[in-house]
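Student: I'd like a close look at a single part of this predicted model. Could you walk me through it in one go?

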Amino acid sequence: MAKKRPQTKVKPQLIDGEIPVVGAREPCPCGSGRRYKACHGRAAAHAGTELVQRPFEGVPGECDWIALRELVPAATAELPLKGGLPEGVPSVTLATVLPMAWPALRRDDGSVLIGLQNDTSSGDISRDLADTLQRALQAEPGTPVQGRRAPADGPRLQDLLDPEGAFEPVVHDGFEFWVPDAENATPEVTASLERANAAAIPTVKLSGVDAAYWCETPDKNHLRWVMPHPEEQLLDALARLHAAGRSSLGEGTRLVGSFRAHGLIVPVWDLPSGVSAEDVEKPAAEFAERLAAALAVQEPLTPEERRARGGLTNRQVTLS
């Protein structure tokens, strides 16, 4: 009599949404027989590295998020969460930089600090920060949170933050906000604090307009202003004002160009070294009115305005 062949059990196939993340060289959980990196891991890796052009879009204070990420040395802002703060977490605070370049820190009192200017391992800063925030909320008090690649299907800041909450950055002269009691800080934190304070450029947030930051450098001062308008419309408006000689912020000041950061345009003005943040408050508010009028113009650019636009775009760089 012929021997019975042993029956082979067929492993049930999983749908994409049910496939967990495993090691790159491990068999893919979908049952294909291929390694994870050659199967479903390929799509996960692509999703993790694909650059999100406007990671802070839809987050309250998008322009200020960009400024704190790219322009401001020392600043903090309270973060309101959807559904309120978890038990045992008295506050969640965004900080430009944390000691030792930690991505996040759960303080002894349970409060959470999140660092914004850290390198991220994926193409979506919002998802990386949300992953860091979630892990910080669950960390033991008194411990830092290390960086990692966020899961490709994890939440983003837009999913965790209260969409109705205010985002109000506070710019600091230094990084003393790192430690409630600087005298009892560890030697490592103290050394990191001293290095950070020595490198910080004096910066002030203007109060009369949104997301405009004055800074002081040895040779001249600058105003860098993150603007929410669509890029092409904004560049046209700036060109109209520049061609008409109305793009400055007063005597000795000059619109020198702009850069692109996280999907938005940041115009930059050179200021004489004697011009303070207080000195440009009124000129900036007046410029905002001129810009609003220029943004409303629908006619094509004149030859002079096209030349002005070309000059502005030729000096444009992209930070991210």
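Which residue in S4 does Leu94 stand opposite? Please start there and take in the strands around it, then whatever else you can say about the rest.

Tutor: Leu94 stands opposite Ile114 in S4.

Leu94 sits on strand S2, which runs over residues 92-95. Along S2, Val92 and Leu94 point one way, while Thr93 and Ala95 point the other. Whichever way they point, all four of these residues are buried.

Now for the partners. With strand S4, residues 112-115, S2 pairs in the parallel sense, and 4 bridges join the two. The Leu94 and Ile114 pair belongs to these two strands. S2 also pairs with strand S1, residues 75-78, but here the sense is antiparallel and there are 3 bridges. On that side, Thr76 stands opposite Ala95 of S2. So S2 has a parallel partner in S4 and an antiparallel one in S1, because DSSP finds at least two bridges in each case.

Next, have a look at Arg69, in helix H2, which spans residues 62-70. Arg69 has a relative accessible area of 13%, so it counts as buried, the cut-off being under 20%. A polar atom of the Arg69 side chain lies 2.9 Å from the backbone oxygen of Asn118. Setting aside sequence neighbours within four places, Arg69 is in contact with Leu116, Gln117, Asn118, Thr120, Ile125 and His262.

The largest cavity has a volume of about 50 Å³. Its lining includes Val59, Pro60, Trp65, Leu79 and Pro80, along with Leu161, Asp162, Gly165, Ala166 and Phe167. By type, the lining of the largest cavity is 8 nonpolar, 1 polar and 1 charged.

There's an open space to check as well: the second largest pocket holds about 380 Å³. Its lining is made up of 17 residues, and those nearest the centre of the pocket are Leu105, Arg107, Asp108, Val179 and Pro180. The lining of this pocket splits into 9 nonpolar, 3 polar and 5 charged residues.

Methods. Residues numbered from 1 in each chain as written. Predicted model: local features only at pLDDT ≥ 70, side-chain atom pairs only at ≥ 80, totals over all residues. Heavy atoms only, no water. 1 Å grid on protein atoms, 1.4 Å probe; cavity = no way out; pocket = protein on both sides within 12 Å on 5 of 7 lines; lining within 4 Å. Points joined across faces, edges and corners; volume = space filled by probe spheres on them. Nonpolar A, V, L, I, M, F, W, Y, C, P; charged D, E, K, R; others polar. Buried < 20%, exposed > 50% of the residue type's maximum accessible area, 1.4 Å probe, protein only. Polar contact = N/O pair within 3.5 Å; in protein donor to acceptor, adjacent residues only side chain to side chain. Contact = heavy atoms within 4.5 Å.
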